[in-house]
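Please look over the sequence and the structure shown here before reading the report.

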Amino acid sequence: MSDMDRNRVPEAGPLRSFEFPDIDRRRLENGLEVRVARTARLPIVSASLFVRAGESSLKHEKAGLSVLSGDALEGGSRRRSGTELAESLEGIGARLDVSTGWEGTSVSVSCLAERLAEAMAILAETLLEPEFPEGEVVRARSQALASIRQRSMDPASLASDAAVRRYFSAGVPFARPLEGTQETVEPLGRNHVRGYAEAFYRPVEGGLVVVGDVHTDEIEALVASCFQGWEGEPPVQGDFGVEPRTRERTLLVVDRPGSVQSEVRVGHVGPERSHPDVFPLTVLNTLLGGAFTSRLNLNLRERHGFTYGVRSRFALRRRPGFFQVGTAVGTEVTAPAVKEILGELEGLVEGGPTEAEVEAARDYIAGVFPLRLETAGQVASRIAELLIYGLPDDYHATYRDRIRAVTVEDAAEAGGRHIRPSEAQVVVVGDAQAIRVPLEALGVGPVEVIPA
Amino acid sequence: MSDLSIPFERHRLGNGLRIILSHDSSVPVVAVNLWYGVGSRNEPQGRTGFAHLFEHMMFQGSAHVPKNRHFELVERAGGTLNATTWFDRTNYFESLPSNQLELALWLESDRMGWMLPAMDQEKLDNQRDVVKNEKRQRYDNQPYGDWDERLQALVFPEAHPYHHTVIGSMEDLDAATLDDVEAFFRTYYVPNNAVLTVAGDFERSRTLDAIDAYFGEIPAGRPIPPVPGDPTLPPRIGETVRDRVVADVPLPRVILASRIPPYSSPEFAVAEVARGVLGTGRASRLYRRLVRERKVAKDVVSYAFPLLTGASMLLVWATGYEDTRAEDLERAVALELEGLSDAEDAEIARAIAVTETDLVRSLERVGERADLLSMFELYFDDPGRLNRELDRLRAVTSGDVRRFAAERLGPDNRAVLTYVPEAQR
């Protein structure tokens, strides 16, 4: 180290290669896809069972039913009460988590490897034999309604919910909050939940991912015994059209008097998960608002001090999702912040990214790849994505190569197609009395003010 | 039951910097983690929030690193980075591909040794604005956002360093000057007040040489001054103290807190287990009774804060439904706190089993390993405690928990903070 010079950035050593863990595939007779990957840093296992029971397949008047059914699963099985199930599970140190999204429902357990057989049996009992006792369904519904009430007074949730209503045309599922609304959740009861689970919690189109200190043959035998007799397929879920509510740029103020900050969202409808532009867009979004040193954050936070942080993202789903910039800014700088955001979007689309920015973004995305695959749970989530979104088996193995292949032209062209500042919907949740006039003066488009 | 054997070795540089190395090459990533023995407890009167504001200034460059370069270099290298400030400490950390280790050592050493030449008024004013927006976003613009300010004021007397919050007050943030930055840096950001941990995939002798080269020439500082104010306080609050807030909140919420022995006390393990019996998992008492059976709470959260200075705090936070009366919610929580005096072996075993899995799972990440090793070294001079954490908990008996409940969780040692929605008033 005698040649150390503080003025020089240290040179990187030779890169040690990292490969995404090998995935073993099996398919059970009932149609359930099984994926196993071995990671053996610590004696821990993560198992996740996915079924095609998501909110996007529900008609508007049943919005929230998938989420409610998933939440009510912990209410007990035909054999045991919810508390008894929890005692068995926690007695072996395991945790069970149910998460419901637009595409489906995932029931996951995480436990020490030596406890996997017991944990898997409880997972299967929870999903395959739910009892949904009346009292537990009523409780899950009360909790859901209370959460909806909390969202209605939380500025960040208010902004996100108002934004998707502006992006998507009214009939698109993504225009509503994932967990439904008070009107749609209130009428849901035990019969709805039971009927939903009976129809949708089916092995076909589903998958089980097990990652950790495990062997595939043992997993296959365990799974075959735990899921014996489980059969069938969920109802056919047709594609739905995704249309924007408008192509005219508009500005909505959701009035929350007394707010000391404004929650800002700027966005519009975006591409679907399987779109070929996703790789260049990942690079472009990183340099726009996906990292600390992105254009938006350096401008709004480090140059102007308007905010604690600002991010942009593409919400990628099986059907077209959205592009969005999100931040919270001081009340008095709300209009200047909106102006800067729109200016950055226009600047990026018109001028394109620089070679240096694209290179830095590619390096960042490829470099952090192994950091996001340290744990069994992280690897399991990535493998589950393949099943959920229908991605090819080598998706993760080739991911970094595809990122590294993105050129500055690719990124610029994809940006031109998928970032459209002239169609952006601007949503601001804040104190209308303080922010309305300066926002109108920006002249970005028609301004509407509604109460929170 | 698993026995932890996370490897580590300890070193110390001539300037007092403590070094921990923990090797694991299963994924080619490495974590660099620094804990400084300074937090909000060290803030003088009139400068609340300064330790955290200072943490932001640490990212504004140093003598050999221009503004924004720190973030740019780490992100370009495929790394992630951040820092956090808490009552007793401030930590800084990077995780990177293992071939980029030296970059992080260079950056961390440059700001430990040569931060001041890069400071100026414009950077301070900019980060003051950023931090004020952080405070607005996380506290002032949120329902219940002032809960910690109110609760700390109830549990800790005015002269105690935990009486004020980590985020501090707007007035004190406004008052901070460049002179404060310099004084704070010279007093607390010295190698003899820090622990550096490197965990993950690295080559031992090269790493030790690099640490010596980058950090060895930083001069030691003076001994760290005692914490301002009066950290001594009675073990119990002495009564039930209350703060009732009628506010624009969606649902009623009560927070009950008790003063408990500090993290350094052997009795803290009992507090952790008692907390687990109350609130870890869906078989825990609070979830089962309040959420599932009586349905007075929508959700319940509990913590035993690992605080060092004089005392710590165990708290339970229960959110009711729209029509729940806050008094009923408070009574229900109090009943469970006091009811721990009949804690049984089976529920203690469950709480420890879940804690064990959670700990093992957290150790899958080298960043988390490094963070825990730094903490145990800085707080207890004993990084090996990581591998004995579970033994410490397993030694707790139902008798210990019962005694703890009787001595610490009664109405003579309770702060009650209640939020009532305006609609209910």
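The report below moves from one whole chain to the contact between two chains, and then to single residues.

## Overall build of chain A

This is a predicted model, and the values that follow are computed from it. Chain A contains 16 helices and 12 strands. Its radius of gyration is 24 Å, which is close to the 22 Å that the globule rule gives for 452 residues, so chain A is as compact as a globular protein of that length. Along its principal axes, the C-alpha trace of chain A spans about 65 × 65 × 40 Å.

Of the 452 residues in chain A, 51% are buried. When contacts in chain A between residues at least 6 apart in sequence are considered, 82% of them join residues at least 24 apart.

## The contact between chains A and B

Chain A brings 67 residues to the contact, and chain B brings 62 residues. Several elements of chain A each supply at least two residues of the side that touches chain B, among them helix 2 (82-91), helix 4 (134-151), helix 10 (295-303) and helix 12 (355-368), together with strand 5 (105-112), strand 9 (307-315) and strand 10 (322-330). Sorted by class, the side of chain A that touches chain B has 34 nonpolar, 19 polar and 14 charged residues.

## Two residues with positive phi

Most residues other than glycine have a negative phi. Glu205(A), although it is not a glycine, has a positive phi of about 75°, and this residue is found in the loop of chain A between helix 7 (190-200) and strand 6 (207-212). Glu205(A) counts as buried because it has 21 C-beta neighbours inside 10 Å, where the cut-off for a buried residue is 20 or more.

Tyr144(B), which is not a glycine either, has a positive phi of about 65°, and it lies in the loop between helix 4 (121-140) and helix 5 (147-155) of chain B. With 19 C-beta neighbours inside 10 Å, Tyr144(B) counts as partly exposed.

## The surroundings of Pro252(B)

Pro252(B) lies in the loop that runs between strand 7 (240-247) and strand 8 (253-260) of chain B, and it counts as buried because it has 26 C-beta neighbours inside 10 Å.

Leaving aside neighbours within four places in sequence, Pro252(B) is in contact with Gly320(B), Thr324(B), Ala326(B) and Leu329(B), and also with Tyr419(B), Val420(B), Pro421(B) and Gln424(B). The C-alpha atoms of Pro252(B) and Asp323(B) are separated by 8.4 Å, although these two residues are 71 residues apart along the chain.

Terms used. Residues numbered from 1 in each chain as written. Chains lettered and ligands numbered in written order. Predicted model: local features only at pLDDT ≥ 70, side-chain atom pairs only at ≥ 80, totals over all residues. Helix = DSSP H or I, 4+ residues; strand = E, 2+ residues; numbered from the N terminus. Rg over C-alpha atoms; globule rule 2.2 N^0.38 Å. Buried ≥ 20, exposed ≤ 12 C-beta atoms within 10 Å, placed from the backbone. Contact = placed C-beta atoms within 7 Å. Nonpolar A, V, L, I, M, F, W, Y, C, P; charged D, E, K, R; others polar.
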